[in-house]
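Please look over the sequence and the model before reading on.

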Amino acid sequence: MDGCSGTSEVPAMVVGGGAAGTPAASRWNPTKEQIDMLENLYRQGLRTPTADQIQEITGRLQTYGHIEGKNVFYWFQNHKARQRQKEKQDHLSLFRQYNHHHRHLHQPPFVHIPPPPNGSFF
């Protein structure tokens, strides 16, 4: 893999899978302060930080606990995907509510008209 393919595959080295016999890196556990800062940046409009921005953000967040550039990179990538997923669910929910409400308001009442006793309409 050359890293430019555009797929969502992540090299084992980035995730933490080391060579045989070496332990995988532990999972990043962000502090509340780190999450608050990342969410604040996201609310301000930062969606896909550049390498320089990731480095700067990582440096600021290290004040509050262990963090690496890849954690910042993946946080933004995951947060953006989850936001899109949530918006899609919200829109689908609104559509279903509208559709359900609209259907019941504008549906004519069911009226059963029995057939004439002799089989003809006139």
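The sections below describe a predicted model, taking a helix, the salt bridges and the aromatic rings in turn.

## Helix α2

Helix α2 covers residues 32-43. At 1.5 Å a residue, its 12 residues should span 16 Å, and the end C-alpha atoms are 16 Å apart, so the two values agree.

The buried residues of α2 include Gln34, Leu38, Leu41 and Tyr42. These residues lie on the same side of α2, because they cover an arc of only 100 degrees around the axis. Lys32 and Arg43, on the other side of the helix, are exposed. After α2 comes glycine 45, which has a positive phi, near 110 degrees.

## Salt bridges

The model has 4 salt bridges. Side chains of opposite charge can pair when their charged atoms come close.

One of the bridges joins lysine 32 to aspartate 36, with 2.8 Å between the closest N and O atoms. Both residues belong to helix α2 and are 4 residues apart, about one turn of the helix. An α-helix has 3.6 residues a turn, so residues three or four places apart point the same way. Lysine 32 is exposed, at 61% relative accessible area, while aspartate 36 is partly exposed, at 34%.

Another bridge links glutamate 56 and arginine 60, whose closest N and O atoms are 3.7 Å apart. This pair lies in helix α3 (residues 51-61), again with a spacing of 4 residues, about one turn of the helix. Arginine 60 has a relative accessible area of 39% and is therefore partly exposed. Glutamate 68 and lysine 70 also form a salt bridge, at 3.9 Å from N to O. Glutamate 68 is partly exposed at 35% relative accessibility, and lysine 70 is partly exposed at 25%.

## Aromatic rings

There are 3 aromatic pairs in the model. In one of them, the ring centres of phenylalanine 73 and tyrosine 74 are 5.1 Å apart and the planes stand at 75 degrees, so the pair is edge-to-face. Phenylalanine 73 is partly exposed, with a relative accessible area of 37%, and tyrosine 74 is partly exposed, with 22%.

The rings of tryptophan 75 and phenylalanine 76 also make an edge-to-face pair, because their planes are at 85 degrees, with centres 5.1 Å apart. Both tryptophan 75 and phenylalanine 76 are buried. Together with Tyr42, they form one aromatic cluster. Tyrosine 42 has a further contact: the charged end of arginine 47 sits over its ring, 3.8 Å from the centre.

Terms used
Residues are numbered from 1 along each chain as its sequence is written. This is a predicted model: local features need pLDDT of at least 70, side-chain atom pairs count only at pLDDT 80 or more; totals for chains, interfaces and linings use all residues. Side-chain values use heavy atoms; hydrogens and water are left out. Rings of Phe, Tyr and Trp (its six-membered ring) pair if their centres lie within 6.5 Å; planes under 30 degrees apart count as stacked, over 60 as edge-to-face and the rest as tilted. Buried means under 20% relative accessible area, exposed over 50%, partly exposed in between (1.4 Å probe, protein chains only). A charge sits over a ring if NZ of Lys or CZ of Arg is within 6 Å of the ring centre and within 35 degrees of the ring normal. Helices (H or I, at least four residues) and strands (E, at least two) are DSSP runs, numbered from the N terminus. The expected span of a helix is 1.5 Å times one less than its number of residues. The arc is that of the directions from the helix axis to the C-beta atoms. A salt bridge is a side-chain nitrogen of Lys or Arg within 4 Å of a carboxyl oxygen of Asp or Glu.
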